[in-house]
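Biologist: Could you take me through a single part of this assembly, the contacts between its chains? I would enjoy a close look at how the partners meet.

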Amino acid sequence: MNHLLELEGVSKRFGGVQAVDSVDFWADPGEIVGVIGPNGAGKTTLFNIVTGFYAPDAGKIHFDGHNLVGLKPNQITRVGVSRTFQAVRLFGAMTVLENAMVGQHTRTKAGVYGALLNTPRTVREEQKVHASAIDSLAFFGDRLTPRINSLASELAYADRRRLEIARAMATEPQLLLLDEPAAGMNPSEKEGLIELIGRLRDVKGYAIVLIEHDMPVIKGVSDRVVALDYGKKIADGTYDEVAANQQVIEAYLGKAGSEEQE
Amino acid sequence: MSEAILSLRHVSASYGPVRALEDISIDVNENEIVCLLGSNAAGKSTTLRTILGMTRASAGEIIFDGERIEHLTTPEIVSRGLTMVPENRRLFGKMSVRENLEIGANLRDDKKEIQEDIERVFLLFPRLKERIRQRAGTLSGGEQQMLAIGRALTARPKVLLLDEPSMGLAPILVEQVFETIEEINSQGTTIFVVEQNAHMALSIADRGYVLQTGSIVLSDTASNLLEHPQLSDAYLGEME
Amino acid sequence: MRNKTSLGKLVLLLVVFSLIVAACGSDSSDTTTAGGSDTTTAGGSGDASAVCDADPFGCVEVGSGEAITIGTLLVISGPNASLGQDSQNGVVMAADHLDGTFDGVNGELLGHPIAFNHQDDGCSAEGGQAGAQALAADPSTVGVIGTSCSSAALGVADTILSDKGIAIISPSNTGPALTTPEEHQPFYLRTAHNDKLQGAAVAKFAYNELGARTAATIHDGSPYADGLQAVFAETFVSLGGTITKQEAIQVQETDFTSVLTSIGADSPDVLYFPIFAAEGGLITQQARQTDGLADTNLIGSDGMLSADYVAAAGEAVEGVYLSGPDLSAFTGDQDFYEGEFKTAYQELWGGEPAAAFHAHSYDAANMLFDAIKAVAIDEGGTLYIPRTALKDALFATSGVQGITGTLNCNDLGDCQSTATIAVYQVVGGNYDTANPVYSEVASLDG
Amino acid sequence: MTAPAPAPTPTEQSSRRLRFERIPMRRIILIVLSLSIIYGVVAGSTATLRTGVFTAEDWQSLIINGLARGSVYALIAIGYTLVYGILFMINFAHGEVFMSGVYTAYFVAVAFAGNGFLNSNPLIAIAILLLVSMAVSVFVAVILERLAYRPLRGAPRLVPLITAIGASFFLQYTFRGLYGANVRAYPNIEILQGKWTIFGIQMLKTQAIVIVAAMLLWVLLYLFVARTKTGRSMRAVGEDREIASLMGINVDRTIVATFAIGGALAGAAGILYVFLFNQVIFTMGFLPGIKAFTAAVLGGIGSITGAALGGLLLGILEAVGPNLFLTGANVPSPNQLQPVIAFGILVLVLIFLPGGFVGASEEKRA
Amino acid sequence: MNPTAALKPGLIGGTVVIYLAAIGMVERFQDRNVITGVVGLGVVLILLTIAIAAYTAARKGRTPMPTGALVGLVAGGMVALITLGFEGLINAGVDVRGMFVSITPGLLETLEFGLNPALGAIVMALAGGTTGLVAGGLVGLKDEHLRSSIVFAVSMTLLISLGEPILRVTLGNLGIPTNWLYELGGLTIAGTIITLLAGFGLRWWLMGRKEKRQEIAAHMPEDTRRTWGRASLIAAILALIALPWVVGPFVSDVLGTVGLYVLLGLGLNIVVGYAGLLDLGYVAFFAVGAYAAAIFTSPASFLVTEEGETFAAAGFTNIWFAFPFVVIIAVVIGAMIGAPVLRLRGDYLAIVTLGFGEIIRTLVLSDWLAPFLGGAQGLTRIPAAPPESFDLRNPQHIYYVILAFCFVAAYISYRLADSRVGRAWAAMREDEDVAEAMGISVVRYKLLAFAMGAGVGSLGGVFFAAKIGSIFPNSFGLQVSINVLAVIILGGIGSIPGVIVGAAALVGLPELLREFGEFRLLIYGAILIAIMIFRPEGLLPNKRRQRELHEGAGSAPVELPEGASPA
């Protein structure tokens with residue numbers, strides 16, 4: 001129980017597919033863990049299990065002393081786990097600022113009465129929400145801040161990815177799960193992303209788990225890399241260890257490829 | 001390249017505000033196997049979808065068999081002899097194996113020949129024959145991929161497009177699938193395959209293109225590409 | 001009745017308009033005054049201004065050549081529209097017949113044309129309110145024929161119009177509450193019979209004439225049907241009979257076999273279902289097919305006294321009893337209703353009457369016309385109709401022959417205070433309004 | 001844990017709160033609710049049966065009755081289910097499609113009755129009525145698709161639903177304007193009068209014919225959808241529109257075909273309906289439409305078998321339910337509460353079996 | 001000009017006219033004078049339809065005037081031919097009215113302009129052609145000022161004629177004589193000409209001043225503009241307060257009904273517009289409010305005994321005391337109904353709520369609960385609320401009460417939209433999964449929306465009961481739910497001013513045209529379809545909602561997920 005997030009023997013089956021097969025997984029405070037694996041390896045399913053979107057068929061999940069199994073996604077967010085989505089899912093009809101403000105939901109309390117009566121507490125809270133949203137956005141330098149009043153759906157693709165991270169940051173998590181944050185970015189944007197993820201850990205102190213196909217990004221940020229294939233964990237270690245792992249190479253390049261390499 | 005049966009000339013396409021393809025040109029010659037490689041979200045699937053009219057090209061020409069097809073609807077394009085094995089198979093899960101094969105031949109009326117084609121598919125994939133009455137949704141991953149290929153074959157395409165046929169399959173099955181693709185090609189069907197498993201794809205292909213964030217960055221013969229230093233940079237990252 | 005489009009004037013107007021536009025401002029207005037007035041003697045007497053000043057609600061002033069505006073407040077939309085449309089037809093026909101013939105053209109009253117302000121009571125309280133407000137707001141409204149549904153009148157239309165001193169005569173409100181001393185509004189009258197009369201008459205008929213000792217009732221959730229069956233049940237029990245079941249159905253339903261099976265379990269002597277044509281027809285058919293009801297007498301009331309019902313029930317209608325006004329008791333021109341009136345109705349509206357209430361509304365409109373004739377004061381072509389006097393004239397209606405019977409309005413506005421209620425039986429696919437199987441002079445006082 | 005418990009840390013506090021929130025309150029409420037409803041139904045039913053008010057024949061005829069009206073619901077429900085299966089929209093106006101056909105055929109029936117054709121050649125006459133009714137319903141359904149629904153493909157789901165509600169009123173009042181507001185009685189067809197005894201059970205000829213005809217139509221439809229190319233295209237478009245077009249299927253034409261088939265069945269259902277109830281009025285489509293939709297949901301919307309079973313079940317429940325459940329509980333006018341039973345069942349089914357009886361669970365997580 | 005190009009719009013126009021005639025609209029509308037003795041509304045309807053067809057076609061054509069004329073000629077000719085056809089059928093002894101009840105002699109007379117059939121047909125074709133010519137001519141008119149002024153003059157004249165029931169009474173109340181303007185429900189000829197000229201002149205003048213005004217507005221300093229804004233707001237409120245006394249009791253009554261629907265619309269707007277839950281059974285809460293209010297106050301209620309006056313002693317026989325309790329009851333019932341069903345998907349929820357609406361209606365109608373709820377006989381004699389001088393049965397009085405509560409509800413809506421709660425709703429509406437991942441308890445917020453909607457809806461019920469004084473089950477049918485839904489959809493889902501516009505258009509206008517009540521639902525249906533197809537965001541859209549409806553591809557995943565999770 002000394003890890004921040006700890007999964008023990010977690011499994012999930014969909015019809016005929018064993019999407020996640022008895023996976024052990026952990027992340028420590030301030031650690032950046034990269035999760036890699038070919039398409040369909042079960043990476044996103046793992047995220048969905050941790051964040052409560054799927055209930056695991058078997059296994060234990062602990063986070064910061066809480067048992068996460070059986071909690072709803074919103075409760076898991078409240079205890080300090082936040083995530084982004086593989087296909088960016090912003091609130092497209094809201095402004096950039098509003099998206100970030102929604103992130104603050106669990107950290108605030110104002111209800112109907114507060115809104116109606118506009119009590120000093122609500123006013124203060126709204127100011128705090130506003131400030132904290134601005135703060136999250138400011139983390140991305142001048143990428144989002146000048147656009148706080150534009151619609152999320154009007155942003156450039158990479159900025160949408162950034163906004164999704166900012167929105168997740170606004171929930172004030174201890175653990176951030178990023179699902180393919182580099183997808184669709186160009187090389188220089190990826191550079192920026194590597195730098196950003198490092199900064200997130202250093203400045204905010206988050207533990208970060210990221211799924212990524214882009215190996216330079218994985219290499220650039222991960223303290224530790226976990227490889228999945230067919231729902232099983234096939235490797236766990238530093239980037240170099242995992243990259244040298246024969247099973248991983250086969251999973252990635254195909255058997256023929258690895259044979260030719262030999 | 002006058003003998004190209006399928007060519008894309010300066011094609012661009014977008015999803016909403018995001019530019020997915022930027023001025024790409026590809027030629028596929030008759031009886032060739034051509035592969036398109038690239039990392040996730042590089043625009044590989046978009047290329048296939050654009051060829052088939054499922055995504056509209058915002059610019060450029062697509063020429064199939066001497067005819068421009070970029071303005072046609074999907075059924076019209078299919079009727080001209082072009083079809084695709086989609087990513088993730090996308091079978092009609094509630095239909096039987098036989099029905100899936102029959103629906104592939106939806107545009108044809110020659111009942112006898114359809115039957116012959118179905119038998120030919122069974123020759124290619126004997127496993128499917130055993131499961132002929134089973135619902136496609138209950139097949140295993142490998143069987144589903146076989147069925148998806150079989151479904152495309154019953155349309156008797158001149159050019160067959162395959163979208164990541166290896167995805168989610170065990171390595172042994174991946175090899176089988178690629179062997180089958182070679183066999184189909186040897187029977188006279190032109191193949192254009194999109195794949196992330198670069199080595200596997202290049203091992204059977206004549207030529208290949210490499211796509212990176214919507215643009216073609218490399219194109220060469222398969223053997224040259226296998227040796228090309230930039231391939232691992234662009235596609236495999238720094239894994240090696 | 002219908003506005004004719006005057007082509008010449010229309011074209012002229014278009015031409016004039018385009019000329020104006022072309023010339024941008026040059027005006028060439030020609031004002032024509034509407035047709036001349038012919039003076040007819042009005043019944044009222046005395047100095048108009050004096051009478052009008054004396055009347056607490058003043059007078060309606062109908063200028064020379066202007067029309068006398070009659071409001072209607074009947075249900076003309078929604079599922080009950082055929083009921084209100086039928087009544088509205090009756091009113092229009094009364095105006096049509098002012099000149100003695102049904103020719104599709106309104107006759108004149110005291111030398112003035114009749115104009116209608118048709119409002120919809122929606123068969124609901126809110127519809128009655130809105131419609132009554134609209135009529136009350138129009139100072140030219142002389143009187144109102146309406147409402148169709150008791151719920152539109154009770155505490156709503158009757159109050160609003162009475163507060164304005166506008167007489168309202170309902171052709172089809174039968175709810176007893178409207179004419180109780182507690183609820184009655186001073187300007188409210190009705191030519192429909194009070195449920196108290198009809199429900200009780202039917203109960204007496206069933207107990208005394210048919211010899212029934214057990215009875216079941218069905219209502220459809222309308223205050224009309226519910227009220228009738230309640231009065232029936234009360235009277236039937238007081239006569240010594242037993243009510244086996246009081247059931248209810250939903251309107252617009254079509255399958256009533258489960259209700260009928262439930263009722264059939266007791267095999268009552270009589271099934272009384274005072275509802276409307278559509279559901280009534282289905283119940284008639286389905287009752288005939290229900291085991292326990294083979295020998296049960298089926299009785300309906302004036303909501304079903306229509307060709308629609310007979311048609312809707314098909315062959316099963318044979319032998320059904322229907323209560324309603326005793327049209328045979330009409331002492332005037334026997335053939336008027338069956339002959340001239342019904343023929344004209346079909347001619348004008350393209351079909352058989354959908355309900356029985358066109359007759360009541362025809363009578364109501366004539367009552368109003370007579371009262372206007374009696375009190376209006378004609379001064380140089382301008383009519384002055386004092387409102388309170390008009391109401392008093394209406395309440396004074398007595399011994400007048402209408403097609404629904406003799407109209408005698410009592411102090412509480414029941415103009416069928418003593419009515420002859422008849423029960424007809426359907427024989428050979430039709431009921432003969434000339435030959436009721438039972439007739440009783442019922443009085444509210446008795 | 002023998003040491004005196006220290007003051008709970010914030011983490012423990014929130015943990016305790018989470019433990020409380022982990023209790024599946026909703027499920028508990030639902031279980032309590034369902035148990036009390038089951039108790040009520042069982043208690044009411046036993047009380048009713050104990051009184052012996054109703055004989056076995058009564059129940060028998062009620063059930064036959066339920067089957068007959070259920071058969072009509074089933075045919076209409078198939079129209080909902082087909083459209084839902086392919087477009088994932090509730091065609092709220094389907095009840096009006098049903099009304100339009102049979103109401104129009106009424107005028108043909110009257111003409112036939114007038115010249116005696118109806119009773120001299122009843123089978124031909126009925127066949128013509130059926131054709132007219134089906135043709136008009138198909139026409140209305142196809143026009144509806146073309147003018148009201150097709151422009152909305154790909155719009156958020158509620159948009160076509162609201163359009164359909166609008167179309168429902170529009171059609172209802174169009175036919176009111178055309179044909180009038182009165183109720184109209186279909187002429188009697190002599191050969192349909194009277195009763196038959198089948199397997200020792202007495203039933204009306206019309207009921208027997210309606211049940212058999214509906215079953216026949218259902219089988220025909222089932223075969224059509226399972227065996228024909230159009231049927232296969234319909235299933236394909238319902239499963240995956242994009243891949244269907246990749247198979248060379250013309251999606252638009254397939255959708256039109258689906259509306260047409262739903263319309264044809266509604267038109268046929270209309271004629272069966274007047275066999276049972278022989279009257280038409282412009283509002284007649286609304287209630288059967290709502291009920292057929294309920295039936296489709298009961299059976300699992302999207303499933304043809306489900307629609308048929310749902311229709312029959314709803315019909316029987318309506319016929320038997322009020323008498324069985326409520327009479328014993330001494331509820332006055334139990335049959336007036338039919339909608340409560342019908343919609344109550346709908347609510348319960350959707351709560352406990354969101355996919356209906358036949359369909360697969362639609363909820364993506366428990 | 002391509003003559004065949006005029007065929008299609010012409011035939012469409014003709015079909016619409018024939019449709020309008022066949023459903024009886026032309027004939028019923030003809031009973032209403034537009035210009036008395038000259039033209040009735042039915043003929044205006046025909047000509048207007050043809051004009052619209054011609055106008056639309058002419059705008060596309062390169063030669064507007066001939067195109068318009070041709071379109072009009074085709075449409076008019078088609079109408080004429082079909083009219084002749086009907087004449088022929090009738091003369092041949094075919095009972096056309098046996099089927100099409102609206103094809104009456106009167107209708108044919110109108111369609112033939114009262115002439116003999118052949119002559120009438122020619123005139124109809126020519127009238128169509130002329131109308132088309134005029135419409136096409138308008139398109140061709142280069143002078144923007146002139147064209148706009150003509151259109152304005154004609155529309156204003158039509159509106160003034162249609163507004164006769166209100167305007168005549170209102171002007172009468174203000175002591176302005178109207179005899180010169182109106183006659184037998186329509187405009188007089190003189191009135192028509194004056195109105196046309198006035199309209200033309202007004203528009204001409206306004207257009208001339210427009211540029212100048214814009215210039216002034218552009219140079220207005222910020223605080224001056226704010227002052228102006230505030231001043232106009234105050235003016236609007238003052239106008240709202242003065243309104244009932246200007247327009248008289250009838251229009252006040254209509255305004256009260258409109259206000260009631262604004263209230264209901266604001267409540268449903270929270271459920272549908274903010275939380276995105278389609279509720280087709282909203283009438284349930286309206287009924288709960290009305291019945292609860294009636295039970296607490298009516299002497300016919302089982303709670304108020306003849307002599308006991310237990311509740312009277314507690315002050316309950318007064319609607320002012322009852323209404324907070326009513327709202328609490330409705331909120332509780334709303335939560336109870338909502339809790340089990342809120343996890344259902346959109347259209348399933350719609351049907352289930354529709355079912356609940358029907359269940360509630362059936363229960364209030366039932367004999368079973370009649371001892372408590374009055375059954376078919378309803379609950380009557382709901383007492384007037386004190387003070388006596390402010391009788392709520394008076395439309396001019398209840399107007400203020402409803403107005404006040406509309407303000408309260410609008411304030412609630414307004415405050416919520418931009419609060420933490422409103423953001424949670426907006427997030428949930430767009431993407432439930434992501435909202436959940438952001439820590440929003442979707443079930444709780446749906447329930448909150450449902451309960452609040454129930455509360456506002458019940459408030460509507462309370463004042464409905466107070467306004468009418470007696471309530472009957474048939475006032476609480478599905479129709480009410482549909483009406484309220486149509487109101488918020490027409491105005492624009494999620495938009496507060498939209499609700500007001502929607503209620504005015506869908507409730508106010510039909511109240512003023514009650515004589516055409518039979519076509520009300522037809523028009524409702526047509527409006528719902530048209531709005532959904534052409535302007536799904538409504539007339540006065542809420543900005544965010546508008547984006548959601550027009551977004552489509554905007555929030556779609558960029559590349560189809562290549563490694564889609566096995567869901």
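Modeller: Happy to! Let's begin with chain B and chain D, whose contact draws on 24 residues from chain B and 16 residues from chain D. Please keep in mind that this is a predicted model. Together, chain B and chain D bury about 1,800 Å², and carbon and sulfur atoms supply 54% of that area. On the chain B side, the residues that lose the most area to chain D are Arg90(B), Phe92(B) and Asn106(B), which together account for 31% of what that side buries.

Arg90(B) turns up again when we look at charges: it pairs with Asp240(D) in a salt bridge, with 2.9 Å between the closest N and O atoms. Between chain B and chain D there are six salt bridges, and ten residue pairs are in polar contact, with both residues at pLDDT 80 or more. As for secondary structure, α2 (74–79), β6 (82–85) and α3 (97–104) of chain B each contribute at least two residues to the side facing chain D. Of the side of chain B that touches chain D, α3(B) holds the largest share, with four residues. Sorted by class, that side of chain B has eleven nonpolar, eight charged and five polar residues.

Now for chain C and chain E. Here the contact takes 62 residues from chain C and 58 residues from chain E. The area buried between chain C and chain E is about 4,900 Å², with 58% of it on carbon and sulfur atoms. One salt bridge is found across the interface of chain C and chain E; in it, the side chains of Arg168(E) and Asp138(C) come together at 3.3 Å, N to O. Polar contacts between chain C and chain E amount to ten residue pairs, again with both residues at pLDDT 80 or more.

Several elements of chain C give two or more residues to the side that touches chain E, among them α1 (7–23), β4 (112–120), α4 (125–137), α5 (150–163) and α11 (335–349). The most comes from α4(C), which gives nine residues to the side of chain C that touches chain E. By class, this side of chain C is made up of 26 polar, 23 nonpolar and 13 charged residues.

Finally, a word on pairs that stay apart. Chain A and chain C make no contact, and their closest C-alpha atoms are 33 Å apart. Chain B and chain C do not touch either, with 38 Å between their nearest C-alpha atoms.

Technical notes:
Residues are numbered from 1 along each chain as its sequence is written. Chains are lettered from A and ligands numbered from 1 in the order in which they are written. This is a predicted model: local features need pLDDT of at least 70, side-chain atom pairs count only at pLDDT 80 or more; totals for chains, interfaces and linings use all residues. Side-chain values use heavy atoms; hydrogens and water are left out. Contact means heavy atoms within 4.5 Å. Buried area is the accessible area (1.4 Å probe) that two parts lose on being put together, summed over both. A salt bridge is a side-chain nitrogen of Lys or Arg within 4 Å of a carboxyl oxygen of Asp or Glu. A polar contact is a pair of N or O atoms within 3.5 Å; within protein, one must be able to donate a hydrogen and the other to accept it, and residues adjacent in sequence count only if both atoms are side-chain atoms. Ala, Val, Leu, Ile, Met, Phe, Trp, Tyr, Cys and Pro count as nonpolar, Asp, Glu, Lys and Arg as charged, and the others, Gly among them, as polar.
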